[in-house]
Amino acid sequence: MSKKIFFTTLFMSVLFFCFCTSRSGQPYATQKNNAWSKNACGAFSMAYYLAETGQIEGNKVESTAKALYQKIKFDASAGFGDYSDPLKIMKEIAPYASSVSFKMNIAEPKTDGEKLMALFFANIDVSNTDFVENIKDVSTALAKDEYVIEILVPSPNVNLKNPMKNPLHYVLTYWKNNTLYTLDPLRGQEQPRTNFIDGTTRS
């Protein structure tokens, strides 16, 4: 299976953040820099958003991500280890965005990625009807002044019998100068999303 099909097939969900101004201080710190940040891609994606919208300085990304990470991890009782809870991400990022929304398809999950996300949400006290919106193409769904945190499964197969065996990865995606970019916490430097998805951009 090509990496292009791999990522697009397992694309699961997006968090939309709306904020109008954008600036850059890249390359940023990455989750690979410290032992504590092995599973902190969600926190780094949030910190990148704050840096890209001028709400923190670029050299504050690492310290900001570390503070956020402690707030967005799943509760121990949920059984999801050190992964980041997307609902907590929404709660923590809301004060820094003009609007926040969660868009995905878990009402009638079809792909293994959607089924996996439905399993995660089955363990959270929230109505699925709050999240029913199928996003098939980020490039057309994302407005020029919006940012997306995508949740990906960087594995060729989804393990639905043992959900915690699936690695999750958060990345920040946005438009800049009419190009759709992805800012991966493993890299700290934006790359055109087409390169990121089709695998031509290496870590």
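These legends go with a few close-up views of one predicted protein model.

Before you start, note that residues are numbered from 1 along each chain as its sequence is written. Because the model is predicted, local features need pLDDT of at least 70 and side-chain atom pairs count only at pLDDT 80 or more, while totals for chains, interfaces and linings use all residues, and side-chain values use heavy atoms, with hydrogens and water left out.

View 1. Helices (H or I, at least four residues) and strands (E, at least two) are DSSP runs, numbered from the N terminus. Follow the sequence and you'll read α-β-α-α-α-β-α-α-β-β-β-β-α. Of the 203 residues, 50% are buried, meaning under 20% relative accessible area with a 1.4 Å probe, protein chains only. Take the contacts (heavy atoms within 4.5 Å) with a separation of 6 or more: 63% of them join residues 24 or more positions apart.

**View 2. Here helix H2 (residues 41–52) packs with helix H4 (residues 86–93).** The axes, lines fitted to C-alpha atoms over the stretch in contact, are 11 Å apart and meet at an angle of about 25°; angles run from 0 to 180 degrees between N-to-C directions. That makes H2 roughly parallel to H4, a label for angles under 35 degrees. From H2, Gly 42, Met 46, Tyr 49 and Leu 50 make the contact, and from H4 it's Ile 89, Glu 92 and Ile 93. Sort these residues by type and you get five nonpolar, one polar and one charged. For this sorting, Ala, Val, Leu, Ile, Met, Phe, Trp, Tyr, Cys and Pro count as nonpolar, Asp, Glu, Lys and Arg as charged, and the others, Gly among them, as polar.

**View 3. The largest nonpolar core holds 38 residues.** Such a core is a set of buried Ala, Val, Leu, Ile, Met, Phe, Trp, Tyr and Cys residues joined through side-chain atoms within 4.5 Å. Ala 43, Phe 44, Met 46, Tyr 48, Tyr 49, Val 61 and Leu 172 touch the most other members. Elements giving two or more residues include H2, helix H3 (61–72), helix H5 (112–122) and strand E4 (169–176). H2 gives the most, with nine residues. A second, separate core has five residues, among them Val 138, Leu 142, Trp 175 and Leu 180.

**View 4. Glu 52 sits in helix H2.** Glu 52 counts as buried because its relative accessibility is 0%.

Notes: Parallel < 35°, antiparallel > 145°, perpendicular 65-115°, else oblique.
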